[in-house]
Amino acid sequence: MRDITLGQYINGDSVIHRLDPRIRLILTLVYIILLFILKTIPQMLLALALILGAYALVRIPVKMLLKSLKPIIPIVVFTSVLNMFFVNGDVIFSFWKLSVTRQGLYYAVMLSLRVICLLAGSSLLTYTSTPIELTSALELLFMPLTKIGLPVNDLAMMMTIALRFIPTLLEETDKIMAAQKSRGANLDTGTFMERIRALTPILIPLFVSAFRRADELALAMECRCYNGGEGRTRMNALKIRRSDCIAVVVFIGFCSLIVLSGRISL
Amino acid sequence: MSTIKLENAGFVYQKGMPDEKVAVSGVSLTFEEGDFIGIIGHTGSGKSTLIQMLNGLLRPTSGHVYIDGDDIWDDRSKLREKRFKVGLVLQYPEYQLFEETVRKDIAFGPKNLGLSEEEINSRVAEAADFLKIPEKLLDRSPFDLSGGEKRRAAIAGVLAMRPEVLVLDEPTAGLDPRGRREILDVISNYHKAEKKTIILVSHSMDDVARYASKVLVMNAGGVFYYDTVDEVFKHALELRETGLNIPTVTDILLTLKERGMDVDTDIYTPARAAQTVTQYFKEVEAR
């Protein structure tokens with residue numbers, strides 16, 4: 001249980017770490033949109049180079065990136081294979097009733113690259129932003145929606161609390177499992193139904209403690225006069241600085257170049 | 001009756017990761033049957049990790065743990081059976097209560113042992129009796145009990161399994177002095193009545209001095225001292241220097257000695273301390 005990492009933030013002091021989280025979030029979005037605009041493999045490779053360049057800036061080892069890519073390999077392989085066989089076009093070779101087409105192969109490569117870039121891009125965001133940074137970025141970006149009655153402050157607070165309690169509840173689950181195992185609970189063997197039933201001794205204490213914690217937290221927040229986020233100030237107010245502007249210009253510049261390169265070369 | 005032997009046992013959290021943390025290393029010792037052992041040490045000295053290795057909740061990342069001569073990790077299919085010999089009461093055990101009634105909750109362990117209905121009932125009654133849980137509470141929901149009652153119900157749940165070795169991780173944490181005394185007396189009575197091995201993790205040197213026959217002092221994941229209470233508290237000065245608590249009376253006597261009163265300091269019970277101090281004054285008067 002302890003090995004589950006969520007919001008796999010890597011502490012660091014790179015150019016990207018120092019960016020305003022809002023900028024980081026927006027640039028990630030721009031990058032994702034870019035990936036869906038691109039139509040050719042060379043462009044896609046440039047986009048991959050761009051994200052790898054960003055990884056180099058943060059000095060995240062490639063090993064780590066590869067590790068985070070691992071879970072999506074089956075998806076990539078599966079969709080690539082489907083594409084290879086089911087896209088109509090010039091047949092390269094065929095066997096039985098299946099045939100691989102040139103266009104199919106092209107799509108397969110394109111799609112794999114796109115998925116890899118997508119994951120690399122969004123991982124970079126979580127590698128360089130703490131969950132708290134992300135929620136405050138979201139909060140500020142969605143602030144205009146308060147005008148149409150969306151409780152942005154409250155939603156952001158809920159998200160922050162939820163993120164904050166994930167490790168706590170995991171630890172709690174660990175402890176309860178240890179306790180019930182000590183009382184002979186059999187969690188690892190048995191039929192499917194037996195295993196589900198075996199979870200009761202874990203889930204009930206977990207829920208009880210989650211509610212208890214919620215009560216305590218609510219009380220503690222009230223004691224500190226929390227009454228909704230309106231007008232609440234921050235200890236570390238987010239500020240757009242010159243470096244943020246430069247980053248935006250540079251990044252958008254690269255993206256435009258990549259888009260334009262499609263027009264020129266191919 | 002069971003003997004637990006650790007041979008060069010160590011445990012590392014997140015082994016192989018950049019944030020790996022050595023919790024226990026190179027511990028070799030034997031918990032003899034029938035002993036009442038107190039384990040003390042700072043927060044983070046590896047006490048909790050150590051005791052979780054005793055019943056196979058954690059697998060040592062190095063070394064071995066033997067119960068009655070068998071390495072508990074030799075045969076995984078027998079792990080559960082071995083685990084039943086060592087009853088472990090973790091910190092804040094009341095958070096493990098889950099059944100509809102206290103009776104059912106205490107019966108959870110015995111049921112997992114695969115005992116007959118009558119045997120389960122008699123064990124529940126016996127454990128409840130030992131922990132002074134009145135009959136009328138047994139059919140209430142465990143969530144309706146008071147803090148101290150919950151704690152006792154949770155401990156009863158482990159006692160009802162009649163483990164050969166009973167391990168308790170700070171069973172008195174967060175209780176008032178009366179609650180502490182009640183729980184410790186129950187444990188002590190169980191030890192005397194059943195002659196089972198007791199391993200008690202505690203922050204309080206006073207409690208250990210009062211109840212235990214042997215003391216294991218842990219420091220930075222290793223064994224600092226493991227000896228009889230008398231022997232260990234002879235090193236009271238060293239213990240105090242490493243920042244560990246020592247029994248209050250020993251502490252007082254050491255301070256008196258530092259201030260120039262020539263009293264015996266290898267003492268950890270209030271009665272004997274009083275005796276020594278009175279004797280000292282008598283000697284002074286005589287002179």
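Good morning. I begin with a pair of helices in chain A, where helix 8 passes helix 10 in a right-handed crossing. Please keep in mind throughout that the model is a predicted one.

Helix 8 of chain A covers residues 152–182, and helix 10 of chain A covers residues 200–223. Their axes lie 9 Å apart, and the two helices pack at an angle of about 140°.

A word on confidence in chain A. The average pLDDT of chain A is 84, and 96% of its residues score at least 70. Over residues 1–6 of chain A, however, the pLDDT is below 50. Beyond near neighbours in sequence, that stretch has 6 contacts in the model. Where pLDDT is low, the predicted coordinates should not be read in detail.

I turn now to the contact between the chains. Chain B gives 20 residues to it, and chain A gives 17. On the side of chain B, helix 3 (102–112) and helix 5 (147–159) are the elements that give two or more residues. Helix 3 of chain B gives the most, with 3 residues. By class, this side of chain B comprises 13 nonpolar, 6 polar and 1 charged residues.

Finally, we come to a sheet in chain B. This open sheet is formed by 6 strands in the order 6-7-8-3-9-10, with mixed pairing. Strand 6 (86–89) and strand 10 (222–228) of chain B stand at the edges; each has a single partner strand, so one side of each is left without a neighbour in the sheet. On average, neighbouring strands of the sheet are turned by 15° against each other, direction ignored.

Within the sheet, strand 7 (residues 165–169) and strand 8 (residues 197–201) of chain B pair in the parallel sense over 5 bridges. For example, B:Val165 has B:Thr197 in strand 8 as its bridge partner. Helix 1 (residues 47–54) of chain B packs on the sheet and touches strands 3, 6, 7, 8 and 9 of chain B. The direction of helix 1 makes about 155° with that of strand 7 of chain B. Thank you.

Conventions: Residues numbered from 1 in each chain as written. Chains lettered and ligands numbered in written order. Predicted model: local features only at pLDDT ≥ 70, side-chain atom pairs only at ≥ 80, totals over all residues. pLDDT = per-residue confidence, 0-100. Contact = placed C-beta atoms within 7 Å. Axes fitted to C-alpha atoms, helices over the stretch in contact; angles between N-to-C directions. Helix = DSSP H or I, 4+ residues; strand = E, 2+ residues; numbered from the N terminus. Left-handed = near helix turned anticlockwise from the far one by under 90°. Nonpolar A, V, L, I, M, F, W, Y, C, P; charged D, E, K, R; others polar. Pairing = 2+ DSSP bridges.
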